[in-house]
2 protein chains.
Amino acid sequence: MVKVRRDTGKAVERLRAVGLRPTRQRVELASLLFRNGDRHVTAESLHDEASGLGLKISLATVYNTLHQFTHAGLLRQVVVDASRGYFDTNTGDHQHFFLEDEGTLIDIPGEEITVAGVPQPPAGLSVDRVDVVVRVRRG
Amino acid sequence: MVKVRRDTGKAVERLRAVGLRPTRQRVELASLLFRNGDRHVTAESLHDEASGLGLKISLATVYNTLHQFTHAGLLRQVVVDASRGYFDTNTGDHQHFFLEDEGTLIDIPGEEITVAGVPQPPAGLSVDRVDVVVRVRRG
DNA sequence: CAATAGTTTAGAACTATTCTAAAGTAAGAG
DNA sequence: CTCTTACTTTAGAATAGTTCTAAACTATTG
Ligand SMILES: [Mn+2]
Ligand SMILES: [Mn+2]
Ligand SMILES: [Zn+2]
Ligand SMILES: [Zn+2]
């Protein structure tokens, strides 16, 4: 008989696959982040969520973990707000609606949206990525 | 005989036109910002520039002034970096290259670049603006 | 188990930005 | 002009998000 608290197995595998030790904290955060579909979190929102579920983890570790996951390719960062950093579990080609009133992000699939007419970058530089943010408000 | 230290007259007019008192500090900053073509500044870069020219102005006033100019429609803000806020003297329709290594912005005219296929925003919300950031690096 | 490299964390430190409240100044009235 | 007042500037304190430090802890391997 195996005792399973949560769907922790997949998280452990996922961590091992990218060369990260499956510590309790990393497994718990990975479970929260990758359980369902795509998510957009800030360090503090994720920390609050974990704390609210009774998980014991420091904010510093949440920051460390989000960066490690990002460097491992499990997450990407999204810049939409000068005062908060967002992390996105969807690392594929896509763009965002940003609800300025709520501070929330909604994905726009990469197949739906297109950017045309990007001029050639200045000499010696190459395009790293093209980000589109559609800012929306009530009204 | 009129003593003119700088091209200060246009700045004074511009401030009066938007209902801002032409104080020494606002006139000096407006002169720096709007003298030549388009500029992209951070509060600190503008403060450094002013200080370097021997102008006496506090960083708090630079922040105040940049926000007042923005609210008056003389500037707009650009979000490209989670750790710094940029202000843009070009308030027209355009997008940006962001040189991630240097932290500098280059305009892309609005007529050159196009975004197609933006889905309808969620119910009750309307599009405020669409921002495109083309992130470029050496290589 | 023991040894060790990697990890977590409390709290200090940092950085960009905003706030406070006291001193200074532009603008209109007289 | 000069007075009066509302607006402005500013030094320094305060915030907020994030990173750093270094000491305690733990996953992994032999
Ligand atoms: Mn990083
Ligand atoms: Mn503002
Ligand atoms: Zn996304
Ligand atoms: Zn611009």
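Predicted model: local features only at pLDDT ≥ 70, side-chain atom pairs only at ≥ 80, totals over all residues.
Residues are numbered from 1 along each chain as its sequence is written, and chains are lettered from A in the order in which they are written. Local features need pLDDT of at least 70, side-chain atom pairs count only at pLDDT 80 or more, totals for chains, interfaces and linings use all residues, and side-chain values use heavy atoms, with hydrogens and water left out.

I begin with the extent of the interface. Chain B contributes 36 residues and chain A contributes 36 residues to the contact, meaning heavy atoms within 4.5 Å. About 3,000 Å² is buried between the two chains, and carbon and sulfur atoms give 60% of that area; buried area is the accessible area (1.4 Å probe) that two parts lose on being put together, summed over both.

Which strands of chain B each supply at least two residues of the side that touches chain A? They are S2 (76-81), S4 (94-99), S5 (104-109), S6 (114-116) and S7 (125-138), strands being DSSP runs of E, at least two residues long, numbered from the N terminus. The largest share, 14 residues, comes from S7(B).

Finally, strand S6 (residues 114-116) of chain A runs antiparallel to S6(B), joined by three bridges; DSSP must find at least two for strands to pair. Here A:Thr114 has B:Ala116 as its bridge partner.

Definitions and conventions: Helix = DSSP H or I, 4+ residues; strand = E, 2+ residues; numbered from the N terminus.
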